[in-house]
Amino acid sequence: MVRAAVLPAVGAPLEITDIVLPEPGPGQVRIALAAAGVCHSDLSLSDGTMRVPVPAVLGHEGAGTVLAVGEGVTHVAPGDGVVLNWAPSCGACFHCGIGEVWLCADALKGTANLHARTADGTDLHPGLNVAAFAEETVVAANCVLPAPDGIPLTDAALLGCAVLTGYGAIHHSAKVREGESVVVFGIGGVGLAVLQAARIAGASRIIAVDVSPAKEELARKAGATDYVIASATTPREIRKLTGGQGTDVAVECVGRPATIRAAWESTRRGGRTTVVGIGGKDQEVTFNALEIFHWGRSLTGCVYGNSDPARDLPALADHIRAGRFDLSMMVTERIALDGIPAAFDNMIAGKGGRALIVFE
């Protein structure tokens, strides 16, 4: 048996309990987790904002060491370090066929599978395919990628979601060019990755926006040149900082109508807004037809940073090894499995960056 964090039902508290994992079957890999990040998407799964089958073992951002492989698995072997990929592409659907692997129609198909059982025999699903909130997990082979050389596995865990999402939001979705200005709304784990990616892209001015004054030092360490406390007047403050124009690019990492709207209003005429945050289906953002014409701004969604992990992990690894991207600075708390509920509470309260579960 292994210890895991189980979501018994939508809206229910997580239960830290023993689960029984099967041995890896054909095309599967068993992994001992080194670390797993606590992402806002895990909170969204627990409260029903995002839907997956339950009961489930949550956790989708992680890295660890291969313990065993099933028949037909050749790209990793026992003893290898790996990064979990919660949204593997099938390679056969329409979107995969045109190179948009982050929109794969079958990426979350595995969440319907039976993953493990509790000690009393209750069947469990893998929350977002990989069930990383556990000491060990068994996943499909296409959910694991070789960990980059020279990066500790505890740090590499963040590559599985926050870093790929933040890096991709800047480089693939917003396509920030050298010399452009950027504003980032929401300085949690993903927001910190966005700030660092904007710095790597050569942004001339990088403005961080958050409700918490306590995050300013962290934001500036990640690359922010300015820090603004979120309020109803935030777009006006952003324009003052940019010569009355607004920024070239805004990246919204919160997923609330008010911040999406504020991010859009903070960009210049012709500016670009990328929405990374995940909101509820009942939350609406409104625009009038005239302002859409007049401002000429663009508003785009962003899934997983519009990233292809197989392509982007090596590029990210180069930035990390060269010291241009700092993974450890994103982690503001290291916890055990039983610390996840408190990490959720901190997330709701807007405290800290990334909480990281570290397995002994």
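Val6 counts as buried, at 3% relative accessibility (buried is under 20% relative accessible area, exposed over 50%, partly exposed in between, with a 1.4 Å probe and protein chains only). The model behind this value is predicted, so to speak with its own cut-offs: local features need pLDDT of at least 70, side-chain atom pairs count only at pLDDT 80 or more, and totals for chains, interfaces and linings use all residues. Residues are numbered from 1 along each chain as its sequence is written, and side-chain values use heavy atoms, with hydrogens and water left out.

Val6 sits in strand β1, which covers residues 2–7 (strands are DSSP runs of E with at least two residues, helices are runs of H or I with at least four, and both are numbered from the N terminus). Setting aside neighbours within four places in sequence, Val6 is in contact with Pro13, Leu14, Glu15, Thr17, Ile19, Ala56, Val57 and Leu124, where contact means heavy atoms within 4.5 Å. Asp149, by comparison, is 143 residues from Val6 in sequence and 32 Å from it in space, C-alpha to C-alpha.

Now for the chain as a whole. It has 11 helices and 18 strands. Its radius of gyration is 20 Å, close to the 21 Å that the globule rule gives for 360 residues, so the chain is as compact as a globular protein of that length; the radius is taken over C-alpha atoms, and the rule is 2.2 Å times the number of residues to the power 0.38. The C-alpha trace spans about 60 × 40 × 40 Å along its principal axes. Of the 360 residues, 55% are buried. Take the contacts between residues at least 6 apart in sequence, and 69% of them join residues at least 24 apart.

The chain carries 28 positive and 37 negative charges, with mean positions 10 Å apart. Lys and Arg count as positive and Asp and Glu as negative, leaving out His and the chain ends; each charge is placed at NZ of Lys, CZ of Arg, CG of Asp or CD of Glu.

As for the cysteines, the structure holds 0 disulfides, a disulfide being a pair of cysteine sulfur atoms within 2.5 Å. The sulfur of Cys90 has its closest cysteine sulfur in Cys104, but at 3.6 Å that is too far for a bond. Cys143 is in no disulfide either, with the nearest cysteine sulfur, that of Cys104, 11 Å away. Cys90 is partly exposed at 35% relative accessibility, whereas Cys143 is buried, with a relative accessible area of 3%.
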